[in-house]
Amino acid sequence: MDLTDKLEKLMVFMCNKYEEDDSFKQFGDYPWPLIEESGIEFGDAGAQLAVMDVLRKHGFVEVVGPTRSAGKVSYPRVRPSLKGMEFARDKRKSTLAREWTNVISAITEGVIKGSKG
């Protein structure tokens with residue numbers, strides 16, 4: 001699985017969690033537990049932070065409650081942004097459309113085989 005597929009799966013996972021978990025909606029979650037819970041392997045902690053940073057820079061996740069300490073800003077919790085939610089919704093629709101097409105093809109094939117026999 002390439003990195004793009006992993007990022008897409010992570011976004012879909014986070015959006016599903018967002019829809020089901022009121023605490024996650026309000027407060028977000030830390031990047032490491034999110035990635036660990038998703039079961040998607042990105043590598044070490046530095047790679048995992050880089051993944052979240054890429055998603056943040058492209059507007060797919062938003063930072064919840066940045067903290068400031070000694071002139072440094074830390075972004076401990078993240079959650080999907082509106083753009084990320086729309087992406088996941090569109091991804092689910094396209095997956096459902098592909099699955100529906102497969103179902104229709106199988107039904108059509110069954111009908112054709114049934115009418116020949």
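Biologist: Why are H1 and H3 called roughly perpendicular to each other?

Modeller: This is a predicted model, and in it the axes of H1 (residues 3–20) and H3 (residues 31–38) cross at roughly 105°. Angles of 65 to 115 degrees count as roughly perpendicular, so H1 and H3 get that label.

Biologist: Which residues meet where H1 and H3 come together?

Modeller: From H1 you have Leu10, Phe13, Met14 and Lys17, and they meet Leu34, Ile35, Glu37 and Ser38 of H3. That contact divides into five nonpolar residues, one polar and two charged.

Biologist: What makes Arg79 count as buried or exposed?

Modeller: Its relative accessibility is 18%. Buried means under 20%, so Arg79, a residue of strand E4 (residues 77–80), counts as buried.

Biologist: How do you know that the side chains of Arg79 and Glu62 are joined by a polar contact?

Modeller: The distance is 2.6 Å, and the cut-off for such a pair of N or O atoms is within 3.5 Å. A polar atom of the Arg79 side chain also lies 2.6 Å from the backbone oxygen of Lys25. Beyond its sequence neighbours within four places, Arg79 is in contact with residues including Tyr18, Phe24 and Val64.

Biologist: Which residues touch the most other members of the largest nonpolar core?

Modeller: Leu10, Met11, Met14, Leu34, Phe42, Met52 and Leu55, out of 20 residues. H1 gives the largest share of this core, seven residues. Take Met14: leaving out residues up to four places away in sequence, Met14 touches Phe24, Leu34, Met52, Leu55, Val61 and Pro80.

Key. Residues numbered from 1 in each chain as written. Predicted model: local features only at pLDDT ≥ 70, side-chain atom pairs only at ≥ 80, totals over all residues. Heavy atoms only, no water. Axes fitted to C-alpha atoms, helices over the stretch in contact; angles between N-to-C directions. Helix = DSSP H or I, 4+ residues; strand = E, 2+ residues; numbered from the N terminus. Parallel < 35°, antiparallel > 145°, perpendicular 65-115°, else oblique. Contact = heavy atoms within 4.5 Å. Nonpolar A, V, L, I, M, F, W, Y, C, P; charged D, E, K, R; others polar. Buried < 20%, exposed > 50% of the residue type's maximum accessible area, 1.4 Å probe, protein only. Polar contact = N/O pair within 3.5 Å; in protein donor to acceptor, adjacent residues only side chain to side chain. Core = buried A, V, L, I, M, F, W, Y, C linked by side-chain atoms within 4.5 Å.
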